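This report describes a sheet and the elements around one of its strands. The sequence and the structure are shown first.

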Amino acid sequence: MKKTLIAAALLGASTSAMAVAPGGPGCGWGNMLFEGKSGLPMHLLATIVNGTSGNATFGMTTGTNGCDTNGSLTYSGQSLLGMTGVMEEVAQDMATGEGEALTALSVSMGIETGDRARFNAVMHENFAVIFPHQDVTAEEVMASITDVMKQDESLSKYLA
Amino acid sequence: MRTGLLCVLLCWIVPALAANSLPELANSPRWQALMHINPGATLRDRGRSYIDDDSYFLADNGKQDPLAELTATVAALEPAAAPARCRFPARYRFLAEHLDWQHASPFGHCEAYSEWRSAVQASRVVLVFPAAYLNSPSSMFGHTLLRLDQGKDSAVWLSWAVNFGAVSTGADNSLFYIYRGLAGGYPGRFALVPYVQKIQEYSHMENRDMWEYTLDLDQQEIDWLIEHLWELKDINFDYYFFDENCSFRLLELVEVARPDSRLLTELRFAEVPVNTIRALDERGLVSGRHYRPSKAVELDNLRRSMTPAQQVLARRLADAPALLESDDFQRAAPRDQALMVTTAYRYLRLQNRKGARDPKVAKDSFTLLTKMNQLPPVDVPVTENPEPPESGHGTQMLALSGGQRDGEWDFGELSYRLTYHNLLDNGYGFLRGAQIEGMGLTLRSTESGDPKLEALDVVSIRSLAPRNRFSKPLSWYVEGGLERAWAGRRRLVRFVQGGAGGSWAIGNWQPYLLTSLRMENNSEFDTFLTPGAGLDAGLLYQRGNWQWQVGSVGHYFTNDTYRHTSELAVQWAFARQHGLRASLSREGWRGDGVNEFKLQWRWYFD
């Protein structure tokens with residue numbers, strides 16, 4: 001139960017979370033699908049010393065990226081879906097019905113092993129509902145995922 | 001009754017014994033590992049701690065004196081609710097075990113640590129090796145990091161990555177950055193980041209295949225590692241590119257988990273990441289291996305599963321998704337349609353992964369993705385028999401050669417190369433078309449004279465990345481050092497040269513054509529530095545254990561000198577660590593030239 005709540009808070013399923021983007025601004029909820037990854041600290045020379053940038057995290061997000069640290073299911077308060085590049089991978093996995101990104105999403109939502117195939121199938125069938133156009137944001141995607149889950153007999157229990 | 005007595009005796013004796021043996025405890029492998037004492041693995045700081053940060057030590061001379069640090073730690077951690085416990089949970093655990101401390105909820109007052117610890121849990125530790133990729137020389141040795149998996153299922157996107165790297169402000173300019181990275185000017189730190197970010201970086205952005213090795217650590221050992229990791233938060237180590245680098249530090253972490261693993265007992269100069277895997281493997285610490293192809297490899301596998309006509313259409317779809325309505329596309333079977341759309345989509349994403357979001361690309365991507373959703377899913381063809389990097393040849397090399405020059409005099413040669421791989425070396429486990437060599441030395445002796453320096457290769461990097469319909473990389477090379485060349489007579493010249501061009505793969509054949517610029521210094525030419533320009537072209541052919549190359553490189557210098565070298569060479573890799581190479585070459589210059597034949601036995605080690 002607690003896990004579901006945390007998942008809901010993190011992934012934006014609760015009603016209060018709809019009003020205020022969970023985690024606050026800066027958590028990537030405004031990210032659109034196919035967001036460029038130019039923000040990643042990738043430049044040729046950084047690889048030579050495998051450098052980490054000055055404000056390298058240590059799994060603690062307090063004060064480093066503006067996200068709340070309430071709940072710590074996925075990466076201490078960073079929303080998985082809002083992370084750079086992740087939504088695109090989730091979209092691709094949903095389009096085809098399986099993949100590591102989709103598995104990670106279902107695990108982070110507390111979905112039991114036995115229901116994961118069902119989760120994948122429902123996401124695959126509802127791809128067009130969850131991703132209605134290319135300008136959809138992470139927050140909207142999460143809201144649609146929960147809507148779709150609500151209408152499914154075996155998945156709705158994860159939103160209770 | 002007897003067990004009861006034994007227990008009483010033990011409970012009474014053990015603490016007494018332990019209390020008397022602080023010096024012994026200070027020498028125990030675990031404490032030495034927690035202190036990061038250098039047992040002789042590198043030349044700097046032998047017998048002292050690698051940690052270069054006063055805040056890690058409670059005693060003034062803690063860096064040099066593990067016993068003083070142990071004594072200070074006992075004093076700091078023993079009192080109830082001691083604040084220092086929150087910083088040193090692994091040290092506390094070590095002392096509690098050996099000194100029989102029985103505190104109820106010893107970390108009850110440590111809010112930040114407890115929160116972190118509950119978020120960072122692992123039941124499996126995996127060593128990750130993002131392999132080299134073409135077109136980035138800095139990556140050519142690869143990198144290593146650790147992954148902490150919460151569960152044993154496939155949700156590795158939720159795992160943590162433990163990365164050791166130099167901390168830089170990013171404000172320095174590039175050359176300075178390299179220099180300081182090599183010379184130890186940056187502190188190195190451990191960072192704990194979401195593994196999904198590492199997948200994004202390596203597999204999605206840099207085209208690096210990732211090899212993942214499950215480490216055979218039990219839950220206890222894993223907990224040691226995680227608790228110690230907390231102690232290293234914001235703690236500075238020295239960072240040296242050649243030895244005290246990412247790979248080396250990971251060995252220190254594994255030492256904390258399993259102090260009797262003896263990973264650091266040998267001298268480890270120039271710790272190449274692949275040798276870290278070998279070291280762990282040799283000590284039985286690797287229990288599983290998984291290959292994660294990069295997005296570029298997956299796209300290439302998709303490309304190769306299509307007919308040329310399908311490739312053309314897929315490529316055009318990426319530019320114009322409207323072609324989904326074309327007759328050519330509509331006529332194809334659904335499976336083939338799916339293959340083409342998937343390839344087009346993946347190509348489009350790969351092309352646009354680095355830039356800012358572009359509305360047209362986003363719209364096209366979405367159109368293709370929606371079509372993918374409506375077609376049967378495509379299984380991306382897996383790479384057959386991917387070659388594990390640790391199965392490749394050793395990184396150092398010794399070679400003996402004999403040959404004949406100009407049909408007149410015989411010579412013998414002894415060569416040594418510090419690192420790493422030559423295009424003709426046994427390619428198993430190495431990236432095809434990539435060459436990186438550093439510090440190679442060749443001595444040649446003839447019947448008539450003493451051994452003389454034949455060549456000193458400081459560095460030689462070659463990246464021959466094949467171009468195809470979906471990928472148009474640049475091929476390039478850069479090298480420098482000392483070699484024998486014709487300038488009035490055969491003499492030792494100092495040079496730097498490099499160039500760029502293209503390369504293509506046709507079955508096992510790989511032709512390449514590069515422009516070449518050369519700067520040379522020798523005692524014959526009038527100017528101190530003489531520039532020359534020319535071409536470097538050739539053909540590689542690989543079949544089984546045989547690697548062939550025929551090629552020619554020529555330069556025309558500003559002082560009207562002309563010179564070229566052509567060579568036909570073949571290497572037979574008859575064993576993992578041994579190769580036989582034969583070469584026939586001709587050095588030519590205006591009006592004349594000499595031929596040379598050479599047979600070489602190459603032995604790879606370490």
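Predicted model: local features only at pLDDT ≥ 70, side-chain atom pairs only at ≥ 80, totals over all residues.

In strand E5(B), Tyr213(B) is the bridge partner of Leu127(B).

On the E2(B) side, Arg124(B) has Asp149(B) as its bridge partner. The two pairings of strand E1 (residues 124-130) of chain B are set out below.

| Strand joined to E1(B) | Residues | Bridges | Direction |
|---|---|---|---|
| E5(B) | 210-215 | 5 bridges | antiparallel |
| E2(B) | 145-149 | 5 bridges | antiparallel |

These strands belong to an open sheet of 7 strands in chain B, with the order E6-E4-E3-E2-E1-E5-E7 and antiparallel pairing. Strand E6 (237-238) and strand E7 (286-292) of chain B are the edge strands, each of which pairs on one side only. Strands of a sheet are paired through hydrogen bonds of the backbone, in either a parallel or an antiparallel manner.

Is E1(B) largely enclosed or largely open? Of the 7 residues of E1(B), 6 are buried, so the strand is largely enclosed by the rest of the structure.

Definitions and conventions:
Residues numbered from 1 in each chain as written. Chains lettered and ligands numbered in written order. Pairing = 2+ DSSP bridges. Helix = DSSP H or I, 4+ residues; strand = E, 2+ residues; numbered from the N terminus. Buried ≥ 20, exposed ≤ 12 C-beta atoms within 10 Å, placed from the backbone.
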